[in-house]
Amino acid sequence: MSGALSRYRIVELGDQPAVAVLGMLLADQGADIVKVERPEGDPLRGTPVFSVWNRGKNSLVADPQSNKDRCGLQGLMRESDVVIEGFDSGTNPYGIDYDTARNEKPDIIHLCIPGISQDGNATASELIVSAATGVYADRSADGSEGASFIALPYASIFGAMVAAPAITAALFHRERSGEGQSVVVPLYDSMFTAMGSAIVRRPDVPAGPGALSPAIARFYRCADDRWVNLNASYERSLRPMLTAMGHPDWYDALTDERLRANIEEREEWAARFAEVWLQKPATEWEDVMEDVGVPLTMCRTLQEWMETDHAWQSGAVVKLDDPVYGPMRQVGIQVRLEDTPGSIRGAAPILGQRIADSNERER
């Protein structure tokens with residue numbers, strides 16, 4: 001068995017990024033993913049992101065207006081274990097909800113990824129969910145310049161990450177009980193998982209310890225005009241960092257509580273501290289701080305990160321031949337199981353292409 005999910009066929013219906021990412025995660029673990037597309041194809045076809053999010057899947061063309069194609073989808077339900085669906089419009093043009101799928105196969109699992117509402121009816125785009133859940137940065141301290149949204153589709157990525165174990169849990173339940181069920185994973189709710197401890201607040205419990213020094217920031221420019229990101233908020237990092245920089249005597253001054261109230265003195269120390277970073281290039285600072293155990297890294301571009309030795313050697317990045325783009329770098333398999341490691345079964349399919357025969361599944 002090449003993957004833990006190689007027994008299962010999963011029908012993918014939808015144009016939401018979360019649906020495509022979820023299908024990719026499941027395909028990497030061996031599931032036979034049948035991506036249903038309209039005759040004009042998925043809206044993302046012809047883009048690099050389509051090639052990544054749809055690798056290892058099979059493409060089935062079905063026209064929502066065709067009775068023949070609708071009947072074909074009903075037949076597909078009878079041969080499938082799971083249906084995942086989510087549309088930016090909030091409406092499934094194929095009309096396949098949980099009741100419809102269950103009429104074809106009583107033990108089927110139907111997972112819906114709506115934008116916000118639990119009943120799966122409300123639509124919300126990536127930006128709407130991001131705005132509602134605080135996934136953006138203020139451009140200015142007073143907010144006068146408005147919000148700056150993050151380019152990465154956080155809501156969709158976390159929606160897929162929450163939905164993947166939801167499906168495996170539902171499959172586990174079916175193995176024990178013989179029953180399928182409806183599963184709803186709103187993108188809005190998934191963001192609470194993403195936020196983690198940032199949203200845990202109790203007015204009767206004091207906040208955790210703040211940074212030891214108000215004069216030390218997180219980002220610093222180095223001699224080569226590259227930036228580093230460090231975490232020196234705690235004594236176990238601050239003392240060895242100052243020693244490695246050649247200024248162990250600065251510890252008492254930088255942690256003096258007077259700096260919090262004395263703005264002029266704080267800014268003076270902040271400028272003096274920033275000057276030290278200009279003495280070496282960023283990669284040298286990485287080596288220096290690694291030797292003394294201080295969390296620090298050079299701020300890399302996505303392209304630089306994907307070319308690091310660790311990314312390739314660990315399998316976090318792989319090379320795949322795509323029919324549109326040729327050899328391209330892609331993210332590797334995200335979950336690595338020792339006995340059922342899964343695999344990237346192939347590139348993203350051309351419209352209507354079957355890349356694997358259903359008889360290959362272990363039933």
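**Close-up views of the predicted model**

Figure 1. Of the contacts in the protein between residues at least 6 apart in sequence, 68% join residues at least 24 apart. The secondary structure comprises 14 helices and 13 strands. Of the 363 residues in the protein, 40% are buried. The protein exposes about 19,100 Å², and carbon and sulfur atoms contribute 52% of this area.

**Figure 2. The salt bridge between Asp28 and Arg55.** The structure contains 22 salt bridges, one of which pairs Asp28 with Arg55, with 2.7 Å between the closest N and O atoms. This pair connects distant parts of the chain, the two residues being 27 residues apart. Asp28 belongs to helix 1 (residues 17-28), whereas Arg55 is located in the loop between helix 2 (48-53) and strand 3 (58-61). Asp28 counts as buried because its relative accessibility is 2%. Arg55 likewise counts as buried, its relative accessibility being 0%.

**Figure 3. The salt bridge between Glu104 and Arg78.** The closest N and O atoms of Glu104 and Arg78 lie 2.5 Å apart in this salt bridge. Distant parts of the chain are again linked: Glu104 is in helix 4 (residues 98-104) and Arg78 is in helix 3 (residues 67-78), at a separation of 26 residues. Glu104 is partly exposed, with a relative accessible area of 22%. Arg78 is also partly exposed, its relative accessible area being 48%.

Figure 4. Glu257 and Arg260 form a salt bridge in which the closest N and O atoms are 3.2 Å apart. Glu257 has a relative accessibility of 53% and therefore counts as exposed. Arg260 is partly exposed, with a relative accessible area of 40%. Side chains of opposite charge can pair when their charged atoms come close.

**Figure 5. A negative surface patch that includes Asp287.** Asp287 is situated in helix 12, which spans residues 282-292. The relative accessible area of Asp287 is 47%, so this residue is partly exposed. Membership of a patch requires over 30% relative accessible area and no salt bridge.

Terms used. Residues numbered from 1 in each chain as written. Predicted model: local features only at pLDDT ≥ 70, side-chain atom pairs only at ≥ 80, totals over all residues. Heavy atoms only, no water. Patch = residues over 30% accessible without salt bridge, like charges linked within 9 Å, V, L, I, M, F, W, Y side chains within 5 Å. Areas by Shrake-Rupley, 256 points an atom, 1.4 Å probe, with all protein chains shown as cover. Salt bridge = Lys/Arg side-chain N within 4 Å of Asp/Glu carboxyl O. Lys, Arg positive; Asp, Glu negative; His and termini not counted. Charge placed at Lys NZ, Arg CZ, Asp CG, Glu CD. Helix = DSSP H or I, 4+ residues; strand = E, 2+ residues; numbered from the N terminus. Buried < 20%, exposed > 50% of the residue type's maximum accessible area, 1.4 Å probe, protein only. Contact = heavy atoms within 4.5 Å.
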